[in-house]
Amino acid sequence: MSQRNGFLYLLLGVGILLLPGYSIAQPELKSTGGLMFSLPSDDRYSLTIGGRLFLDETLFWGRAQDKQADFPSGGDVRLAYLNLKGGVGHDWSYALTLSFKGQISVEREAYLNYSGFQNTNIQIGQIGIPSSLENWSDYSDLMFLETSLLSDVFFPEDDYGLGIYANRTFLDLFTVAGAVYQPRQEETTNFGDSGRADRLAEAIRLTFSPVHIDHTVYHLGAWLRHQSLVERVAGAPVSPTLAFQGFSGPPEAQARNTASLVNTGAIGAKSYELAGIEAAVLKGPVTIQGEYLLANVHRMYLAEDPAIFEKCARFYAWYVQG
């Protein structure tokens, strides 16, 4: 661009600003619950910047041998992330969460949300999976500092998938949510870069809350997840080292090098389901919630290995807290 043309564009811009009735919308900055930028004249367009930092210091008691081997006392950055979210027009919004544990990566959510249908949200991108009251809640809304052992074992911190999610509210009493997604690869197998095709997974969750007002809430829910797994590679059954890695998790209180407290080990499986029921009551200063979970793992080595006589491996978990 020549200096002459640049000067003409500058004059044109100044002239437009001087036209009667023309004004520049000044962005508004709020700092409640994070930094929020918005246009006072049109709050459909906004950007909110927030984050969380969870620092734990854990002290284990017990035999010196156990503490040195698997449960040494120490600190841990349990979770640290930066959250960007905002709105674009009447019906579109977005969210992006960057995790800073280990290395910077999208460990949590990154999606576009469409709310053009009444009482309905549709998300596409890296999404949370609708399952379990505790797993579905935000970290800042947990009853205690740590999640229960049920959540640590069956829902790892990176329990997110790439896919589409939708939820709908009925009569302000019922909600139904569903998702079809591809899970993070390390959650299902140990294939690495073997070129396998990702298997789709499905999830659905139903809730009923007849009362949800200030200081009084009654909640019931049920949910189901299904995950297909790779059974054969190059015509041969998947070896145990590449099979489903099973369920494992550390105790609720943990330091940087805490070992797993529960570990099923690898399981030769073709699919598995997780199902659960949940309930919660809030009455004044009293809060009680509980969940029950059943995991069905469908084995694939039934014919090849006569030592495996059970078609399904079943695992159970529950908690009550208040």
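Residues are numbered from 1 along each chain as its sequence is written, and side-chain values use heavy atoms, with hydrogens and water left out. Because the model is predicted, local features need pLDDT of at least 70 and side-chain atom pairs count only at pLDDT 80 or more, while totals for chains, interfaces and linings use all residues.

**Stop 1: a loop.** Select G284, in the loop between β16 (269-283) and β17 (286-299). Helices (H or I, at least four residues) and strands (E, at least two) are DSSP runs, numbered from the N terminus. G284 is partly exposed, at 35% relative accessible area; buried means under 20%, exposed over 50%, and partly exposed in between (1.4 Å probe, protein chains only).

**Stop 2: the cores.** A nonpolar core is a set of buried Ala, Val, Leu, Ile, Met, Phe, Trp, Tyr and Cys residues joined through side-chain atoms within 4.5 Å. In the largest one, with 18 residues, select F154, F244, F247, L274, L293 and V297, which touch the most other members. Colour α4 (149-154), β16, β17 and β18 (312-321) too, as these elements each give two or more residues to this core. Next, centre on L293: its contacts (heavy atoms within 4.5 Å) include L150, F154, W223, A275 and F315, leaving aside residues up to four places away in sequence. For a second, separate core of ten residues, select A95, Y111, I129 and A201, which are among its members.

**Stop 3: aromatic pairs.** Rings of Phe, Tyr and Trp (its six-membered ring) pair if their centres lie within 6.5 Å; planes under 30 degrees apart count as stacked, over 60 as edge-to-face and the rest as tilted. That rule gives nine aromatic pairs. Select W136 and Y165: their ring centres are 5.7 Å apart and their planes are at 50 degrees, so this pair is tilted. W136 belongs to helix α3 (residues 133-136) and Y165 to strand β8 (residues 160-170), 29 residues apart. W136 is partly exposed at 31%, whereas Y165 is buried at 5%.

Then pick F247 and F315, an edge-to-face pair with 5.9 Å centre to centre and 75 degrees between the planes. F247 lies in the loop between β13 (236-237) and β14 (248-249) and F315 in strand β18, so the pair ties together parts 68 residues apart in sequence. F247 is buried at 5%, while F315 is partly exposed at 23%.

To finish, show F154, F247, Y272 and F315 together: ring pairs link them into a cluster.
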